[in-house]
Amino acid sequence: AKLKGEIVDTKDRIGKNTSEKYPKTILVKEVLNIEKKNFKNSCLKYDFWALGNEPNWSLEISKTENRIQFIDYSQNQFYHFFYEEPRIEPGKIIYITHNNIQQYIIDVIIKEEKCSDTMSDIEYDYSVEVILSGGKRYKGCAIKGKE
């Protein structure tokens, strides 16, 4: 997000002693631009970001944010999972986790192999397969996050 505003002294409007914990506040006067978080603009670290076509989908894996988020844009479905440490195998990274509320399990298999995006012909260093509960499979390419 790009904003216009000013930094001011915090006033204790919300509760007592807020200004002691947060002495300054950003007073937003104008919102210039908001862009949805993606692998190009992310200010938070991610482990992997995966993309696929036919159907159009994306996957974010972030230990920092304690989440794995899968979005199937064709169905307008969002799946949220807590981050689980992956199992490492030769040439593969495997994430398996579940969401008790949505009653879904997700398996993510990331392989260290060249992968080409079918729509843009961009080549990536990783391929990915996502398997949701019920056996629905998605294939695509993955980008490893920067350290």
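The legends below walk through several close-up views of this predicted model.

Before you start, note that residues are numbered from 1 along each chain as its sequence is written, and that side-chain values use heavy atoms, with hydrogens and water left out. Since the model is predicted, local features need pLDDT of at least 70 and side-chain atom pairs count only at pLDDT 80 or more, while totals for chains, interfaces and linings use all residues.

**Figure 1**
Helices (H or I, at least four residues) and strands (E, at least two) are DSSP runs, numbered from the N terminus. Starting at that end, the order of elements is β-α-β-β-β-β-β-β-β-β-β-β-β-β. Of the 147 residues in the chain, 31% are buried; here buried means under 20% relative accessible area, exposed means over 50%, and partly exposed lies in between (1.4 Å probe, protein chains only). The chain exposes about 10300 Å², with 51% of this supplied by carbon and sulfur atoms. Such areas come from the Shrake-Rupley method with a 1.4 Å probe, and for residues, only the protein chains shown count as cover. Contact means heavy atoms within 4.5 Å. Among the contacts with a separation of 6 or more, 32% join residues 24 or more positions apart.

**Figure 1. Strand β1 pairs with strand β2.**
Look at residues 2-9, which make up strand β1, and at residues 24-33, which make up strand β2. They pair in the antiparallel sense over 8 bridges; two strands pair if DSSP finds at least two bridges between them. To find your place, look for Ile-7, which stands opposite Ile-26 in β2. How many of the 8 residues of β1 are buried? The count is 0, and the strand is hardly covered.

**Figure 2. Pro-23 sits in the loop between α1 and β2.**
The helix α1 covers 18-21, and Pro-23 is found in the loop between this helix and β2. Leaving out residues up to four places away in sequence, Pro-23 touches Val-8, Asp-9 and Thr-10. The C-alpha atom of Pro-23 is separated by 8.4 Å from that of Lys-11, 12 residues apart along the chain.

**Figure 3. Cys-115 and Cys-141 form a disulfide.**
A disulfide is a covalent bond between the sulfur atoms of two cysteines. The cut-off used to find one is a pair of cysteine sulfur atoms within 2.5 Å. The structure holds 1 disulfide, and the sulfur atoms of Cys-115 and Cys-141 are 2.0 Å apart. The link is left-handed, with -75° about the S-S bond. This pair links distant parts of the chain, with Cys-115 in strand β10 (residues 115-116) and Cys-141 in strand β13 (residues 137-144), 26 residues apart. Are the two cysteines buried or exposed? Cys-115 is buried at 11% relative accessible area, and Cys-141 is buried at 5%.

Ser-127 is found in strand β12 and is buried, with a relative accessible area of 12%. The side chains of Ser-127 and Glu-113 make a polar contact (2.6 Å). A polar contact is a pair of N or O atoms within 3.5 Å; within protein, one must be able to donate a hydrogen and the other to accept it, and residues adjacent in sequence count only if both atoms are side-chain atoms.

**Figure 4. Lys-114 reaches Asp-125 through a polar contact.**
You will find Lys-114 in the loop between β9 (104-111) and β10. At 55% relative accessibility, Lys-114 counts as exposed. Its side chain makes a polar contact of 2.6 Å with the side chain of Asp-125. Apart from neighbours within four places in sequence, Lys-114 is in contact with Glu-123, Tyr-124 and Asp-125. The C-alpha atoms of Lys-114 and Tyr-124 are separated by 5.7 Å, although the residues are 10 apart along the chain.

**Figure 5. Phe-48 and Tyr-126 form an edge-to-face aromatic pair.**
Rings of Phe, Tyr and Trp (its six-membered ring) pair if their centres lie within 6.5 Å; planes under 30 degrees apart count as stacked, over 60 as edge-to-face and the rest as tilted. The whole structure has 8 aromatic pairs. For Phe-48 and Tyr-126, the centres are 5.3 Å apart, with 80° between the planes. Phe-48 in strand β3 (residues 48-52) and Tyr-126 in strand β12 (residues 126-132) lie 78 residues apart. Both are buried.
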